[in-house]
Amino acid sequence: MADDLLLNIKGLVIEATAYPPGEPPKDITLVHGVDLALKRGKVLGLIGESGAGKSTIGLSAMSYGRGGVRLAAGSIMLNGREIRTAAPTDLRHLRGREVTYVSQSAAASFNPAKRLMEQVIETSIGHGLMTKAEAEARAVTLFRKLGLPNPETIGSRYPHQVSGGQLQRVMTAMALCPKPDLVIFDEPTTALDVTTQIDVLAAIKEAIRDTQVAALYITHDLAVVAQVSDEIMVLRQGRMVELGTTDQIINAPREDYTKALVAVRSIEHEEKPEAPAVLSIQNVTARYRGTNFDVLKNITLDLPAGQTLAVVGESGSGKSTLARAITGLLPPRSGRISFAGRTLSNETKARSMDDLREIQMIYQMADTAMNPRQTVGDIIGRPLELYFGLKGAEKQRRVQELLDQIEMGAGFARRYPAELSGGQKQRVCIARALAAKPKLIICDEVTSALDPLVADGILKLLLNLQAESQVAYLFITHDLATVRAISDKIAVMYKGAVVRYGQKSDVLAPPFDDYTDLLLSSVPEMRLGWLEEVISTRKMASAGN
Amino acid sequence: MHPIVKLLVQRIALGLLLLLAVSAVIFLGVEALPGDTAQAILGQSATPQALENLRAQLGLSDPPLTRYFNWLGGILTGDLGKALTNGADIAASIKPRLANTLFLAGCAAVIAVPLAILLGLVAARYAGKWPDKVISGITLSTISLPEFVVGYIVMYIFGVKMGWFSPTAMTFPGMSFWDRLHAVALPVIVLVLVVLAHMMRMTRAAILNVMQSAYIETAELKGVTPMNIIWKHALPNAIAPVVAVVMLNLAYLVVGVVVVEVVFSYNALGQYLVDHVTKRDLPVVQAVGLIFAGVYILLNMLADVIGIIANPRLRHPK
Amino acid sequence: MRIPLSALIGMIFTGGFIFVAIFAHWIAPYPINDPVGGVWEAPSAQFWLGTDTIGRDILSRLIYGAQVTIFVALAASILSFALGTFLGFTAAVSGGWLDQALSRSVDLMMAIPSLIVALVLLSVLPLNLTVLVLVIGILDSTRVFRLSRAVAADIAVMEYVEAAKLRGEKGNWIIFKEILPNALSPLVAEFGLRFIFAVLFISTLSFLGLGIQPPLADWGGMVKENRDGLIYGKTAAMLPAAAIAALAISVNLVADWILTRTSSLKGGRGG
């Protein structure tokens, strides 16, 4: 029966106007006729990769189009009323009262000039739902329920005085304060470190259960959404792929695309045996100029030739700084780095052309790692020219080979980076590194900015290339699933020091130290009930608190 | 000490240091250029002996550093020296003229600041729509015109054709406030026009910048009324950039007055400066130049200070 | 690519002004300094734009004035640009004490309004074209320095520049192949703005009697010569004023278009 539906969307079409450079503006369709129904008190997960239209659909439940997005056709019924065509005044009465919103970046979503409490209770008072005292009391109750420290006083702080994970919870409290019927969670934990994410996730889940509110939970991470939702809708390029109960989607997906999403991060990689090191880092300590604490503390690591050492840690652990120390961009204060049997100069400038050639680097943001004014052919061709003196047809031929190696066609050589997709850009960066015929490639979070399926493709490509060319990878990441998929050895970093290091099988086997345990247990697993299990068995509080 | 106090003290100290450096540039830098004050006074036909005597008389034979500190000491005690051309006391000549300049600039500021903020708000509110385009179009064309061109256009229309105001801004001691106001009406209009465009465009940009923040969207999604979005969410964050814009443009006004005073033959500091540049009367030029630079530096410093005070991150540290 | 109407108009007018400036000698109907008619004659078939305060043909003086004004402004903006971009790029790429020294000196120069600095300098220096070009060019190079340093510093921290350094590229490659191509569009637009600034600045100085000196004619000076006529309703002073405005606006239109093209390019990136 349709009457107990809180939200009923039918045939929703969403459009926007695109402004391609040098061309007249044109209309594009973001969402092509999606139907969605949500009962009171239920949680529906919206999942998909970038461009799936999940946030756009989520916001349509508030009849809101972000940045010129138009809700062009279809019907959006909330509490039995059509809201797609509702007048602005009516929308104001419903936003913040019947539907509320939690964004990905609470840090940007709070007004920096106002205290948190004032913002949390603004709607409850503005819509005339409660007195100020009642609203404040409710806010404090919610702060406590969401596990915020000092719930009585945290409201008197300003947004910048509170950590990211805490702000995300305060925003959840803000959304729940006016007792709405529906809350839209738009990637609420995506920007957080993995060990913080789990606590916020647990807090949100508990708050949803206690307040009996219905929710749309939007995320790109199927394992996360599986923990909080009753049903899941899989979206792709503005169309629905599959809708089912969480149990069915996770355990018995029907569509190929859903199967691929479920199977993501399940690459198996057999660990290679110990071997002589190509890169050896001994007692390296480093700090940034003008600071007085070490960002790298006495690091000692070995990377065998043709193998992969994963360096894993959260933001601020010093893992990217390690890459800067190895490449000589941040010369170590003490310690020694030897490579292929010779000691490397501390500074990039002092290194020989061979040292530079044999250590290559791939970055997280392929966008900024390529000069936008050079073609793919120029980008890949430059190392060939610089290191091997290749020119003309010979260079062309080699560029061609490299493009084939990264599974891209000949036509790409003349394209500019702006004309490539995210995954293709990262592949070009890999080809540029390969062109130098290196012994070591440093991969700095190379899959973090990519959608899971695309990231999987990149990981498989890296593994294949390693098998072909025996190149070693120093693989820097915060994502343990990626570590499992690719590494032979693992180093866990925490606050500038290596806390655990060894062969993959040893590092990932108990007994664990507290931090590694926390880190490992925080990685969302694609099964029901995982969240509750983890929360009840953890030893160490998350690093974010 | 509260960190904000430390920042403010630092900023003010920097301003003073800058002022000192500027005084050195104006005095020592100019000394280093080719050209000779004694020669300037006596002309090309002067005998070497006459030049030598005059140099000694003016204290020009002392080392430059000594003369700089004498000059600086004089300024700090209100003694700006004497004009080369007529021997008049510079401080006494400056006082009434400075008052005139401040009166002119003050009148312009009183009109321009609220008007620019209002127009900036309107343009930001209707960004991309016709009110914005009209305002932006008009201000863009006034930016392309030098002050003296705007000055003559205004003088021709309101002073000559319409005959509403006198085309020259004559003031004299003992004039009533209203007469004085009437006399400076045209230069005030010109200054307002000149400074309005910049101030309005920068205000518009500052407000749009705030309106595009995620927290404004949050407020919209909370069902806050448009009025409250502007008053409660946008304004507290827009005050600092807008005040900075206002201060920067008041500093710009300082330069504008020089030209406008010449256009309308208004007897004030700018006119006095230009006259003495023409006469190559260096002590006057240095003294007046330092005053203009000082006001400019002061206003810029004020803009920074207000920016620091208005920033919640600095006011409420972690 | 389509050029918007406003930019097209700007280009045509800018081109026209430059043409007139180059061929002034052949175009101008009368000599620059000869009184050929009565004082402040109205426009007629003989004197298309009338005559000035001592009976010289205004059209001819405007044409010669275009030559002087545009020449001085162009020379000054080329100087400011060459100096500003060179020092700005050097500061951004080298960093360290050189960057500090250059940036702090520029801060100092910009702490005083340009017009005041120019007035102080011109009270000592001789008044001739070289001095004017030098004073305007050097004063204005501070703005070019700030912009080019900011642009280059933004690009210098991009990962593709870091990648080039790690690859072992030399300084020349990094500046000319990695940084410059990405800095070009904003700098070209800035050149237009600097040129306008130089036109306005030289006109203002001449108007104050401290710029270009007779027997040369320039637009700012022509406003000054004919200003007294305004009181009697003689609009001769308005013509050079209009010329300054027309040149400034047309160059502005072109620069604006280049700027929007640059930003739309940026917006289109990352597809």
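Let's start in chain A: helices α16(A) and α17(A) are oblique to each other, an angle class left over once those under 35 degrees (roughly parallel), over 145 (roughly antiparallel) and 65 to 115 (roughly perpendicular) are taken out. The helix α16 of chain A spans residues 392-405, and α17 of chain A spans residues 422-435. Their axes come within 9 Å and cross at roughly 130 degrees. Axes here are lines fitted to C-alpha atoms, for helices over the stretch in contact, with angles from 0 to 180 degrees between N-to-C directions. Helices are DSSP runs of H or I, at least four residues, and strands are runs of E, at least two, numbered from the N terminus.

Who makes this contact? From α16(A), A:Leu402, A:Leu403 and A:Gln405; from α17(A), A:Ala431, A:Leu434 and A:Ala435. Contact means C-beta atoms, placed from the backbone, within 7 Å. Five of these residues are nonpolar, one is polar and none is charged. Nonpolar covers Ala, Val, Leu, Ile, Met, Phe, Trp, Tyr, Cys and Pro; charged covers Asp, Glu, Lys and Arg; the others, Gly among them, are polar.

A word on the model. It is predicted, so local features need pLDDT of at least 70 and side-chain atom pairs pLDDT 80 or more, while totals for chains, interfaces and linings use all residues. Residues are numbered from 1 along each chain as its sequence is written, with chains lettered from A and ligands numbered from 1 in written order.

Now chain B. It has 14 helices and zero strands. Its C-alpha atoms fill a box of roughly 85 × 60 × 35 Å along the principal axes. Of its 318 residues, 39% are buried, meaning 20 or more other C-beta atoms lie within 10 Å of the residue's own.

Next, chain B against chain C. The contact takes 37 residues from chain B and 33 from chain C. On the chain B side, α1, α7, α11, α12 and α13 each supply at least two residues. Which helix gives the largest share? That is α13(B), with eight residues. By class, the chain B side has 30 nonpolar, six polar and one charged residues.

Last, chain C. An unreviewed UniProt entry lists transmembrane regions there, including residues 68-92 and 195-216; such annotations may be inferred rather than shown by experiment. Residues 68-92 of chain C are 100% helix, with end C-alpha atoms 35 Å apart. Residues 195-216 of chain C are 59% helix and 0% strand, with ends 20 Å apart by C-alpha atoms.

How values were computed:
Contact = placed C-beta atoms within 7 Å. Buried ≥ 20, exposed ≤ 12 C-beta atoms within 10 Å, placed from the backbone.
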